[in-house]
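Me: I'd like to learn how to read helix packing in a model like this one. Could you walk me through it?

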Amino acid sequence: MLLQKFKDHIITNFPFLTRSKLLIACSGGLDSIVLVMLLHKLEIDFSVAHCNFKLRGKESDEDEEFILKLAEKFQFPVFRIDFDTKKYAKEHKLSIQMAARDLRYDWFKKLATEHSFDYILTAHHADDNLETFLINLSRGTGLEGLTGIPEINEIFIRPLLPFSRTEILKFAKDNELDWREDSSNSSVKYLRNNLRHKVIPDLKSVTPQFLSNFNTTVEYLKQSNEFIKGQVLYLKKELFEKSDNELIKISIDKLQKIKNPKTSLYFLLKDYGFKAWTDIEQMLTAQSGKQVFSETHRLVKDREYLLLSTLPEEVSDREYSIPEEESMLMIPSGTLKFKKAEEISDVNLNIVFVDKEKLKYPLIVRKWQEGDYFYPLGMKGKKKLSKYFKDEKLSILAKERVWLLCSDKEIVWIINYRADNRFKISPQTKQILKITLI
């Protein structure tokens, strides 16, 4: 009997639901109505949320009316909303199905925030899980795409996931429940419906235990996935070297000593949004400078390392002008402070002391460019910045972040790195200017 199995499932796996504030997503269809009635029979308090997507004219309005009458009969609170789904889909360039999904889940989260719901329950069941598995399989997917719909995903819980559509339908008929049939569910123009009405029935007819066997397989896949996650955490501890600016360095030498380094790369980087896996595999043997981008991150080949970083915010290559009377200036890498000093002290990478009389105002702060050169403090002669960066073993990403403080066309300071010899303090210096990067 479904009611007893459902009760046992809740007690064993979701005991917290009995003392939580719950919202049920209810379309009025068979699955969501059964979920509502199961919770009602178990005397678990809940509210219901219903979306009218305005896609089926009078039929959509009748679904809404059905829910309102059900709420009145069984005395549970109901939230409702209308959506112009077609307009939203067109504006956001989405399919109708994806538009409806985004609209309802955004609204559910909003209700949870505004009314302090602990969890939102949806009526996904075992057959839905099988359909999702086959959809993902047909489109090409990794292991996670084969583990099906999660029972818990943030505040969303699917307590019917272990149960079949056959069990749910039997419960509804045994209890003489009414529900609404969505006419669009019978159309096979959608992939999910095609699988539901054509492919899956054939699979079940060939193997009567197909759904049960599928559930067992999914559990094995979930266990395998959890094991792999543990191995990936171990690999990250071994291979990831974190440095300043949230940069992650991955040793190519260490990576290549691992069995199946290309597979390891996939699991190490997939959570960062990368999709160009062929390009990433080639980075192990590529020349320095090769880059691969995701929507949020960048991977760069730099000598012995792969450098992983978040995509930088768009930083203008504009020049910043500093008049003589200015004592402070904010730049992308920090804040420059200018202060008169009596003597040299606190010498550090982020502090320089210069002869103020040698400066020509306004000073300029700008990004470095190919062909730039300076006279390194403590050395004779000039040096190209590109050569200086190479000698200092600056990574490609570090070089991109370099800013220069200039007097006229001469470099005063490679900010946070090295001062220029031409502006150093000498016995003839009358005014010392202390410049600090905070």
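This is a predicted model: local features need pLDDT of at least 70, side-chain atom pairs count only at pLDDT 80 or more; totals for chains, interfaces and linings use all residues.

Me: Is Thr85 buried or exposed?

Reply: Buried means under 20% relative accessible area, exposed over 50%, and partly exposed in between, with a 1.4 Å probe and protein chains only. Thr85 has a relative accessible area of 0%, so Thr85 is buried. Leaving out residues up to four places away in sequence, Thr85 touches Phe53, Leu55, Ile96, Ala99, Ala100 and Leu103, where contact means heavy atoms within 4.5 Å.

Me: At what angle do the axes of α6 and α8 cross?

Reply: Two packed helices are described by the angle between their axes and the distance between the axes. Axes are lines fitted to C-alpha atoms, for helices over the stretch in contact, and angles run from 0 to 180 degrees between N-to-C directions. The axes of α6 and α8 come within 10 Å and cross at roughly 105°. Angles under 35 degrees count as roughly parallel, over 145 as roughly antiparallel, 65 to 115 as roughly perpendicular and the rest as oblique. The pair α6 and α8 is therefore roughly perpendicular.

Me: Which residues of α8 are buried, and against what do they pack?

Reply: In α8, the buried residues are Asn193, Leu195, Arg196 and Ile200. They pack against α6 (126–139) and α7.

Me: Where is the kink in α8?

Reply: The bend at a residue is the angle between axes fitted to the seven residues ending there and the seven starting there. In α8, a kink of about 35° lies at Val199, shortly before the proline Pro201.

Me: And how do α1 and α7 cross?

Reply: Helix α1 (residues 2–13) and helix α7 (residues 165–174) have axes that come within 10 Å and cross at roughly 120°. That makes α1 oblique to α7. Here Leu2, Leu3 and Lys5 of α1 meet Glu167, Ile168 and Phe171 of α7.

Conventions: Residues are numbered from 1 along each chain as its sequence is written. Side-chain values use heavy atoms; hydrogens and water are left out. Helices (H or I, at least four residues) and strands (E, at least two) are DSSP runs, numbered from the N terminus.
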